[in-house]
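Me: I have a model open and would like to learn how to read its features. Could you take me through it?

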Amino acid sequence: MAVATLVALSLGACGEGPGGGADTSEPGSPIKVAFEVPLTGAFAANGLNQKNGFELGLDTFGREVDGHPIEVRYIDTKGDPATALTSARQIVQEGVTVFQGPLVSSESAAVTPYLAQQKVPVDDLTLCSEVQLDSWQKNGNGYSSGWSCDHPALMAAQWAYEDMGWRNITIAAQDFSFGWEVAGGFKAAFESLGGTVDQAIWVPLNATDVSSYVSQISQDTDAVYAEMSGVFAVRFIDAYKSYGLTGAIPLVGITQLTDQSVLPQLNRDAALGVMTGAQYCDGIDTPENEEFVAAYKEKFDLYPGYYSDAGYVKAQIMVEALKSLDGDYSDPEAIAEALQSVNIEAPRGPVEISDKTHSPVQNVYICEVQEIDGDLRNVPIKTFESVPPEGPLEYEEWEAHFRHDSAGRPE
Amino acid sequence: MITVDDVHTYRGLSYVLQGISLQAEDAQCTALLGRNGMGKTTLIETMMGLLSARDGDITLDGTSLRGKEPFQIAKRGVALVPQGRHVFSSLTVEENLTLAARGNGEPGAWTLERVYDLFPNLNRRRKNRGSDLSGGEQQMLAIGRAVMTNPRVLLMDEPSEGLAPVIVDKVGEVIRLLKQEGLCVFLVEQNYGLAIETADRLYVLAGGQVVWQGSPAELEAADDVRHLHLGV
Amino acid sequence: MSTHTPGAGAGVAGWQGLLARQQRWLMLLIGLVFLLIVSSYLYRGGFYGQLVTQMLIFAIAAMGVGFLGGYGGMVSLGQASFLGLGAYGVAVPMSDGADPWTAIVISLVVTLAVALLTGLLAVRVRGISFVIMTLALGQILFGLASSWVDLSGGDNGLIIPVAPTLGPLDLNDPIVLSFTVLVVFVLAVLALRTFVASPFGLALRGIKSNEQRLKTLGYATRLHLYISWVISVMFAGVAGILFVFTNGLITPTALDFGHNGIVTLMAVIGGLGTLWGPTVGAIVIMLFQNYLSLYFERWATVMGIVFVAVVIFAPEGLWGLVTKFARRLTRQKAARGQLGINEVPVGDAGAETESELPDPTTEKVQQ
Amino acid sequence: MTTSTASAVPPAPAAADGIALSVDDLGRHFAGVKAVEGVTLSVASGSRLGIIGPNGAGKTTFFNMLSGELKPTSGRIHLFGRDVTSLASHKRVALGLGRTYQITRVLRGMTVLENLAVATHGLSGSKLDLLRPWRRYSAKVEEAEALGASFGLRHRLNAYAEELSHGEVRQLEVCLALALKPKILLLDEPAAGLSPAERVDIRNLLNGLPKELTLVMIEHDMDVLRGAVDDIAVLHLGELVTRGSVAEIQRNELVRELYLGKRRQIDRTAGADPADSDGKAPHA
Amino acid sequence: MNQFIVQTLNGLTLAGIMFLVSSGFTLVFGVMRITNLAHGAIYLLGGYIAYSTIQLVGNFFVGVIVAGLAMALLGIVLERTLIKRMRGQVMAELLATLGLVYVMNDLALAVWGGDPLSLRLPGVLRESTTLPGGIIYPNGRMFILFLAVVIGLALYFLLRRTRVGAIVRAGVDNKAMVSAMGINVRLVFTMVFALGALLAGVGGALGGTVLSLAPNADAEILTFALIVVIVGGLGSFEGAVLGSLIVGLLSNYGQAYFPALAYFALFAPLVLVLLVRPQGLLGRTAA
């Protein structure tokens, strides 16, 4: 029995021939794109939005470059770093031209060293860890087209201190690296301006009951800054209302807090007036965005969320870059270089990849949940234009905090 | 009338009942005697359907009980007073009694009141849990519980076990009363005295087979049987 | 070896024959694994080599379950968590800058310490309560791994950048690593075989059969079970060390309920109380996870159904079926030459014969 | 780990008074039911005591307290002059106590030889040996084989215990107890469930036991007891009713009445809370 | 102080949900000696079914009832087709239910996806009430606590005051004798298994308003239930009440006051109980 299966395995292993880089020399041969994305698990909604955005982007910008069809294979990582790594190994062995994803920061941290070692061109969405930063700076094979994790938080801190005049703030964040980066960025910027973070509440990813964390928020803070996503965002905002905080203490958050991936599930009264520091809001008033929102709504009957925009931008950058290569996709280094040199006008505004951090220089918005034509929408109330990844901080100061926070909770 | 016809029963891998045939008449007490480990309890459990016979048949008034579940056999009118009493320890005395109550509506049927009349001790302790009773009270309860189903056949497995003589006398009285009411009482005993005094017909079991049958007087006379198979 | 007793000879020879056959199996298996690893690295850059390596690692952990459950009668549902403990035992010191060898030693010490401590609890309960307790222990380790962020990195897990080197052997080379795993696996099999054949193993089977009786034969049964628990946990710990170096990463999911169940499943599907059962189970389940999942999305459903079917229809497990068949053949051969040798029932004794009604508080735990 | 259980317990002092076992006012209650009450008796080294009494008299409960499987609710137990009342079973075994069970407790999933090998390792440090195959302990294996052979199991050494006949299981049960070379042996109904022919085997087996072995034996069958024991203690309703030589007990009218169930009025506090069946607590 | 009261109320709500789940588990164990490891999966499935029902008919209470009934039905099917085949083999039953966990979770994944879902309470239950002392507390949680108490009392009445309850308790004492009294124990078993599943299903529907419904939520709740029954005593109804209170409160206080040690707060009672009273606080002598 054991022997039989081993033999079968061994035949399977030998039968499919040598692996390695994708062979794209033949005319009409496919460009192999691997897309790791969580389609199940806690991050599934984000993953699905991103996939939808990517599909719409391919529809818009083309599924074929110079006669080579773009062949996308989506791999469900379940939000689990170990799965992401195992799948990455498997798919890279089978040959890949461009690697997209993964989405979750811990997945990126797991996959990045392997992809760097294999010199695979990769666009992994968000820059959240020291591992990525080091790897991009050293190998240049990858970048994050979405944003660096703390980017919107840095500007939200500046806005909170300067525009709103808040001095004491409570932070509530999910207890994982994305949460650490976001909360740490907010804290670093807010404190460097002179403010105080009086309480930090960390919600474990496996928390059974989010509202028991909400009930820990003290009544005498100026405002709450929240990093919550998916069902945690829904629970958090609901609990915020039911424990009597809505209307009493302003709630500001990361993009995901009121992103369209959760907004329809929110209690209307609880959601109205919640503000976010965001790199994309569905209510951005530009032709690019209006076109994108209309197309997205037509195709999926939903308003696009930030992850939809991110998927769309990924496709836009990739197609533009591939076009610049004149049909030669044999050199991973050239592909990586091309991907990072594209400057585009995206729904979220102009996007340019920074040489220092390999993450975007782009607009950051402060948005507010408003009701427009009976729908809840995120509407920009302030725009910071073409902000570098370090935001209001000095670059060295930013890099120090960034490296520190990606390894553990900020103090 | 309950008839056991060439019954073979295994317990796990051991072949315990090796072809037993016997018969218990209505309004009589039929007793089965034998040493420890000879298969007496196995026979009772087979009759009640708690163990299934590999071969042979058991009939109640001509209807086969083969393959019937214990509760079906009980519903047909067979009741069990098990060895070790096994009263429901977490139930009160009254709950123990009413649990299986199946009044047949006839005058003279067993009711809670009649059981309490017969065993006044139980009446006094009716709110106590089964586990709080003494051994004798538990035996009374086990008998009371069995008759509350208004059975036609009563199987009793060593009702004298571990009881003071005066309680054993009480058991004897109850058996005689039930006989008078027309019940078919099938008694498995080690207590030679109780069996001799209450039974109308006796069987002796050894090595999974019936080795002797007869009346009490015949057994009193059969010294060799008593000595060899009963150690008496 | 005293086989002079007439009549006993056939049985013993049959048993030895079986052992000899098992040794041939072992050689064959190792040879095949060798071939497989080499060919997969040559042709596919290591993915299948990786898969085989993972199979062997999980087989080691499952052997721990098989040892305690199959021979001692105590089925653990926390083995993956102890595997995770071994892995974190390496990963935590290494992320604080320890060198790999130091980390391995720390991991072994930590796992041993936890095994010694939890053993005190483990030997206090039996049967179902034991299973539940191991499950709870596993969930607690899982909870610690995900919530003790400062140490474990939370849900991100910890990444291991380098594996140790030993003279010319660099475990950073995946082929070398795979063969190291193979060597450890063979050692684990030999250890298990030795343990089972020893007086200790004999007593353990006795405890499974009737613990009370062993006590009145002079055995401090809790001591035996305690030692077995520690051995079982150490199998998981060693597997965890190999796991973290092979994977380069350990995350809390590796310790969760699903993984705990899967390791137990490996031991049960393969056959509790058999030498090769856990390995067979590990191969089958890893194939389900990595191979069937390519073609059939609902592979977990199939795995669950297969598992339930094995529990119902082949409680001795897949390898148990094979040995049962082999033993029956041996017996038939023997029976031709000898008189009066019955077919040997394989597996556990039935419930003890008791001359009274079944009593729920004394019901035997069977499996 | 290296200290075996045997050496963990100091060797039993030779009982100066020549008493192997003594119990003093021993009692055990199960949730209000008295299974054993106020039993006091002693057994001289090398002597043989039979215990009789009807079912439910508390005999097995009494044995379970002697072997340490049940804790007494009152009273003390001394083994070879040492108070063992709260000593664990396996430590009493180390002091030289062996026992058999009424409901046999052989190791069913193992062969006869394996059963016996487990027993022969029972009191030696080798039981914790993880490395050397038990079959290579040739002295122990030979001892096990010899023991089996001397009690009629020579041809059944490789049979699984669950394949044995009733009588063979009884023999194995006694062999297991003897493998520990006990100084005192408790036998719980060794003849229960045996055919007349098998009873003869058991009687021969008992007669073949070493003379210096102290024996306490529960048995219903006076034929088995006759010639096997020096005197007999009678338990009834958990209490020690009388004790005397086999002949005395057979003559004793009270015993005949109790034991044979031919009751007339007996001069005892009738109606005293009787005991539950042997060794089984009502479910508390 | 107010903070403490809120945390206590939160802990009690959690205890209420744990009680619903663990009482079903302990009931099935007590009567049938079945360790149903799929109990958590039934909880989760109940939550999912409530979710879909509410989506469909728009009424929360219909969702809860449908979830309970659907799980009871599933319980009947499982008992009749699967458990029946392994009567009395406790370890086989346990392992088979472990296999079921994978099947049920995988099928739930296929139907409801891996995205965490949450149930929305209707109307006034979504509001808050200001309690004496100025504490604002969500009505929904008070409602869940209330419902758990009501269901608990109903169960107590069923078990202690009715003939059916007497049969169930008698079944715990001695199944064979109940059968010999002319009662169809098989039917009782099926009903008890169905009741256990019903409680888990209702627990899932109510729990889904506070806790997320997602893959792995089943393991989480199963762990809670197991710790509750180990602490309270396997098979003991009163033990489930006591254990739920202890575990619910400790778990919540742990999260609120010692977040890093929250898991130790669960571990501590388990270890203490195992060391001092392995059969659980209100359990009978260990089997």
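Reply: We will go through an interface, then some aromatic pairs, then a helix. First, the ground rules: this is a predicted model, where local features need pLDDT of at least 70, side-chain atom pairs count only at pLDDT 80 or more, and totals for chains, interfaces and linings use all residues. Residues are numbered from 1 along each chain as its sequence is written, chains are lettered from A and ligands numbered from 1 in the order in which they are written, and side-chain values use heavy atoms, with hydrogens and water left out.

Me: How many residues of chain E are in contact with chain B?

Reply: Contact means heavy atoms within 4.5 Å. By that rule, 18 residues of chain E touch 21 residues of chain B.

Me: What area is buried between chain E and chain B?

Reply: The size of an interface is often given as the accessible area lost when the parts come together. Buried area is that loss for two parts, taken with a 1.4 Å probe and summed over both. Here the value is about 1700 Å², and carbon and sulfur atoms give 61% of it. Met177(E), Ala180(E) and Met181(E) supply 34% of the area that chain E buries against chain B, more than any other three residues.

Me: Which side chains meet in a salt bridge there?

Reply: A salt bridge needs a side-chain nitrogen of Lys or Arg within 4 Å of a carboxyl oxygen of Asp or Glu. The rule finds 1 across this interface: Glu95(B) with Arg169(E), at 2.7 Å from N to O.

Me: Which elements of chain E give two or more residues to the side that touches chain B?

Reply: Helices are DSSP runs of H or I with at least four residues, numbered from the N terminus. Helix H6 (163–173) and helix H7 (175–180) of chain E are the ones, and H6(E) gives the most, with 6 residues.

Me: Is Ser179(E) buried or exposed?

Reply: Buried means under 20% relative accessible area, exposed over 50%, and partly exposed in between (1.4 Å probe, protein chains only). Ser179(E), which lies in helix H7 of chain E, is buried, with a relative accessible area of 7%. Leaving aside neighbours within four places in sequence, Ser179(E) is in contact with Pro70(B), Phe71(B), Ala74(B) and Val185(E).

Me: How many aromatic pairs does the structure hold?

Reply: Rings of Phe, Tyr and Trp (its six-membered ring) pair if their centres lie within 6.5 Å; planes under 30 degrees apart count as stacked, over 60 as edge-to-face and the rest as tilted. There are 33 such pairs over all chains. Take Tyr395(A) and Trp398(A): the ring centres are 5.7 Å apart and the planes lie at 40°, so the pair is tilted. Both residues lie in helix H14 of chain A, 3 residues apart, about one turn of the helix. Trp398(A) is buried at 0% relative accessible area.

Me: Which kind of pair do Phe82(C) and Trp229(C) form?

Reply: That pair is edge-to-face, with 5.6 Å centre to centre and 90° between the planes. Phe82(C) is in helix H3 of chain C and Trp229(C) in helix H9 of chain C, so the pair ties together parts 147 residues apart in sequence.

Me: Why is helix H2 of chain D largely enclosed by the rest of the structure?

Reply: The reason is burial, because 9 of the 9 residues of helix H2 (residues 59–67) of chain D are buried. Among them are Phe62(D), Phe63(D) and Leu66(D). Just after H2(D), Gly68(D) takes a positive phi of about 95°.
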